[in-house]
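The structure is shown first.

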Amino acid sequence: QVQLVESGGGLVQAGGSLRLSCAASGSIFSIRAMGWYRQAPGKQRELVADMTSSGRSNYVDSVKGRFTISRDNVKNTVSLQMNSLKPEDTAVYYCNAEIRPAYGYWNVYWGQGTQVTVSS
């Protein structure tokens, strides 16, 4: 059974840094895009950053220059380095991946979510 397990997150002061990590586990045949979404209270979930299997990355404008996504295709992991954090970055962050299991079809998987809180 495929699952995404996240780690990282927590409480940090404005201007600080945090690193989120996510590992895909289970019987996996292939993974396309991996990335991170976030959802702040009262707001819709939004894409923060994602990366294709070939290494092409995409960021929401509000995090460009501050966040960096990286990926290890051998270990099936994706990380998000978040620098110069702002209070408006406060949200629950979710790992996301498009995965084809060893015995199954392509599907989108989500992590359980990890809280990031930035204090002013």
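## Salt bridges

E98 and R32 form a salt bridge, their closest N and O atoms lying 2.9 Å apart; the term denotes a side-chain nitrogen of Lys or Arg within 4 Å of a carboxyl oxygen of Asp or Glu. This pair links distant parts of the chain, with E98 in strand β9 and R32 in strand β4 (residues 28–39), 66 residues apart. Strands are DSSP runs (E, at least two residues), numbered from the N terminus. E98 is partly exposed at 26% relative accessibility, and R32 is partly exposed at 40%; buried means under 20% relative accessible area, exposed over 50%, and partly exposed in between (1.4 Å probe, protein chains only).

The model is predicted: local features need pLDDT of at least 70 and side-chain atom pairs count only at pLDDT 80 or more, while totals for chains, interfaces and linings use all residues. Residues are numbered from 1 along each chain as its sequence is written, and side-chain values use heavy atoms, with hydrogens and water left out.

## A buried pair and its network

D89 forms a salt bridge with R66, with 2.8 Å between the closest N and O atoms. Both D89 and R66 are buried. Through shared partners, salt bridges join R38, E46, R66 and D89 into one network.

## Disulfide

C22 and C95 are joined by a disulfide with an S to S distance of 2.1 Å, the criterion being a pair of cysteine sulfur atoms within 2.5 Å. The torsion about the S-S bond of C22 and C95 is about -80 degrees, so the disulfide is left-handed. Both C22 and C95 are buried.

Terms used: Helix = DSSP H or I, 4+ residues; strand = E, 2+ residues; numbered from the N terminus.
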